Amino acid sequence: MHMTTNTIDTPTADSTTADVTDTGNATADATTVGSAAAVAQAKARRSRLDFAKSAPKAFRALVGFDAAAREGLDPALVELIQIRASHLNHCAYCLHMHTNDARKAGESEDRLHMVAVWREARHFYTEKEQAALALTEAVTLVADGGVPDDVYARAAAHFDEDELAHVLALILTINTWNRVALSTGKVAGTDERR
């Protein structure tokens with residue numbers, strides 16, 4: 001969940017209308033209208049604080065930390081890390097956001113669908129990506145057994161010290177963003193970065 005501003009982008013039924021002259025498009029457009037309405041209803045039920053507005057210094061510090069963490073990292077790797085951590089933390093808001101970002105950056109649907117089961121689909125990912133995904137899991141689930149030496153060593157074999165520090169920082173930031181989104185009741189399907 002990387003946010004730069006606090007303006008809410010709310011899809012509405014008015015922004016997606018069904019084309020009743022084309023029955024193939026009418027069904028798809030009706031689904032879009034229904035989804036937009038569901039997102040709007042979910043947002044209306046949300047009554048938790050706006051973290052960015054209520055703690056602007058902390059929010060800006062987190063945005064800065066996130067930006068610094070990304071420096072020098074491959075954008076595809078950044079999204080894979082954020083997607084995997086969001087899976088593990090059950091953060092639908094961030095998962096929706098980062099899968100969309102990955103698509104916009106040219107990521108394939110196959111790789112996006114396989115992130116959650118990457119160990120069973122290793123051939124979709126480079127050795128470096130696999131090392132980053134394993135480290136992401138260990139750091140995200142740190143309370144379950146720490147960060148095993150073999151996981152750390154594998155990552156250290158694929159990243160120089162500066163890169164590894166940035167990968168770790170990115171894992172820390174996405175875990176923080178996931179917790180902000182979950183604690184404040186962010187709604188999947190919205191993107192408040194605009």
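Student: At what angle do H7 and H8 pack?

Tutor: This is a predicted model, in which local features need pLDDT of at least 70, side-chain atom pairs count only at pLDDT 80 or more, and totals for chains, interfaces and linings use all residues. Residues are numbered from 1 along each chain as its sequence is written, and side-chain values use heavy atoms, without hydrogens and water. Helices are DSSP runs of H or I with at least four residues, numbered from the N terminus; axes are lines fitted to C-alpha atoms over the stretch in contact, with angles from 0 to 180 degrees between N-to-C directions. The axes of H7 and H8 lie 9 Å apart, and the angle is about 140 degrees.

Student: How many charged residues are in the contact of H7 with H8?

Tutor: Contact means heavy atoms within 4.5 Å. From H7 the residues include Lys 128 and Leu 135, and from H8 they include Val 151 and Arg 154. With Asp, Glu, Lys and Arg counted as charged, Ala, Val, Leu, Ile, Met, Phe, Trp, Tyr, Cys and Pro as nonpolar, and the others, Gly among them, as polar, the contact has six nonpolar, two polar and three charged.

Student: Why does Gln 82 count as buried?

Tutor: Gln 82 is found in helix H4. Buried means under 20% relative accessible area, exposed over 50%, and partly exposed in between, with a 1.4 Å probe and protein chains only. Gln 82 is buried because its relative accessible area is 0%.

Student: Which residue's side chain makes a polar contact with that of Gln 82?

Tutor: Leaving aside neighbours within four places in sequence, Gln 82 is in contact with Asp 66, Arg 70, His 98, Leu 170 and Ile 174. A polar contact is a pair of N or O atoms within 3.5 Å; within protein, one must be able to donate a hydrogen and the other to accept it, and residues adjacent in sequence count only if both atoms are side-chain atoms. At 3.1 Å, the partner of Gln 82 is Arg 70.

Student: Is Gly 106 buried or exposed?

Tutor: Gly 106 is found in the loop between H5 (92-104) and H6 (109-114). Its relative accessibility is 62%, so Gly 106 counts as exposed.

Methods
Helices (H or I, at least four residues) and strands (E, at least two) are DSSP runs, numbered from the N terminus.
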